[in-house]
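Below is a walk through a single model, taken from its sheet to its core and then to one of its helices.

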Amino acid sequence: MTTESILLGLSSLSAAIWLGLLLFWGQFWRADQRLRAKEDFEPAQWPTVAVVIPARNEAELIGKAVRSHLSQTYIGNLSLVLVDDQSTDETSAIAAQAASDLGKKEALTILPGSSLPPGWTGKLWAMEQGYRFLQQNSPDYILFTDADIEHSTENIQQLITKAEAQGLNLVSLMVRLRCHSFWEKQLIPAFVFFFQLLYPFPWVNNPIKKTAAAAGGCTLIRFSALEQIQGLQSLRHALIDDCALGAAIKATGPIWLGLSTTTRSLRKYPTLESIWAMVTRSAYTQLNYSPALLVGTVLGMLLVYLLSPTSVVLGLFLGSWMLSLVGLTGWLLMALSYRPTLQLYGGRSWQAFTLPIIALLYTAMTLDSARQHWVGQGGAWKGRVYTTK
């Protein structure tokens, strides 16, 4: 068997994989799971909602986040709980001032977070403290959100309407990530694309399918469902807490996960280094810290993303039009699948052909995530390093 025939076989396999993903992998690539602006539904009584924001050293962004919650158009009773996870900056003071400026001091409760117990990650422990506080006077729903998320004024109304109209135990949004700097424009749309590929949203939203996930920036949960899983205790070790929470809640009833263009993250990733740090924090965790899965992932990324464009170039060099044609077919299918998510973030169609280069960067980040774990630096966030036991 010649080298050319081996390359042709592998290139054909890569193209076949992309064809299979487009046709049979939950239509993930359409990026079309969205909340409706208006639903023809109105409950007899609007449920009570409590928002819980875990915050650690978020002075720069917490003011905008708090204002976005206290400016909601939601018809029902809405309260806000900020769990200050031992911040060393002015997080609490800025949040309180934002509420005061809107004349809604009574709607905001600031909980000083207690020390992190063994076996917990910081964010989940802060969320758990918010949950325990709310057990005193249980709301109908709890909305877990991040301190860097600015919610559109209609967001909670739309989330509740979706949950009530369809009897959902969880409604979650992957908020619109910031995409302004050069590196954000190159890498953030692909980050969203990869997430949809790992957890096809239509499958997450299908109660028959086992696939489950959530996006931690905006997750509305029926309080009774959270009580059914006994809060966040069973998830306390999870670094990828949103997907673990989505799986736990889906075991209690149907859930829904979608994309948002109006509720957005304020977190800046101006440099390649900042995005690299964000990805490496949890990439190896996604692989369950398995060297075998790491090797398989790297080989898979090379086969699925890099082989097609490489085959185009090698085919031209070797004078094999068939190898180039098959490689181009795989590359076109890849670009076609990436195009809707890229357009969601304002990218141009031709940029879809850069996905192989972007995938190579993410593969390097995954390898670095494993390296950091092996040297005891994995899972670093907000001055803490989380390790597995």
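In which sense do strand 6 and strand 8 pair, and over how many bridges? In this predicted model, strand 6 (residues 170–176) and strand 8 (residues 255–265) are parallel, joined over six bridges. Ser172, for instance, has Leu257 of strand 8 as its bridge partner. Both strands belong to an open sheet of eight strands with mixed pairing, ordered 3-2-1-4-7-6-8-5. Its edges are strand 3 (108–112) and strand 5 (149–150), each of which pairs on one side only. Helix 2 (residues 62–70) lies across strand 1 (49–55), strand 2 (78–84), strand 4 (141–145) and strand 5, and runs at about 160° to strand 2.

The largest nonpolar core holds 109 residues, and Ile62, Phe144, Ile221, Leu226, Leu232, Leu245 and Tyr305 have the most contacts inside it. Helix 6 (residues 182–198) supplies the largest share, eight residues. A second, separate core has five residues, among them Tyr284, Leu287, Val298 and Ala370. Beyond its neighbours up to four places away in sequence, Leu226 touches residues including Tyr131, Ile142, Phe144 and Ile249.

Just after helix 12, Gly319 has a positive phi of about 75°.

Key:
Residues are numbered from 1 along each chain as its sequence is written. This is a predicted model: local features need pLDDT of at least 70, side-chain atom pairs count only at pLDDT 80 or more; totals for chains, interfaces and linings use all residues. Side-chain values use heavy atoms; hydrogens and water are left out. Two strands pair if DSSP finds at least two bridges between them. Helices (H or I, at least four residues) and strands (E, at least two) are DSSP runs, numbered from the N terminus. Contact means heavy atoms within 4.5 Å. Axes are lines fitted to C-alpha atoms, for helices over the stretch in contact, and angles run from 0 to 180 degrees between N-to-C directions. A nonpolar core is a set of buried Ala, Val, Leu, Ile, Met, Phe, Trp, Tyr and Cys residues joined through side-chain atoms within 4.5 Å. Buried means under 20% relative accessible area, exposed over 50%, partly exposed in between (1.4 Å probe, protein chains only).
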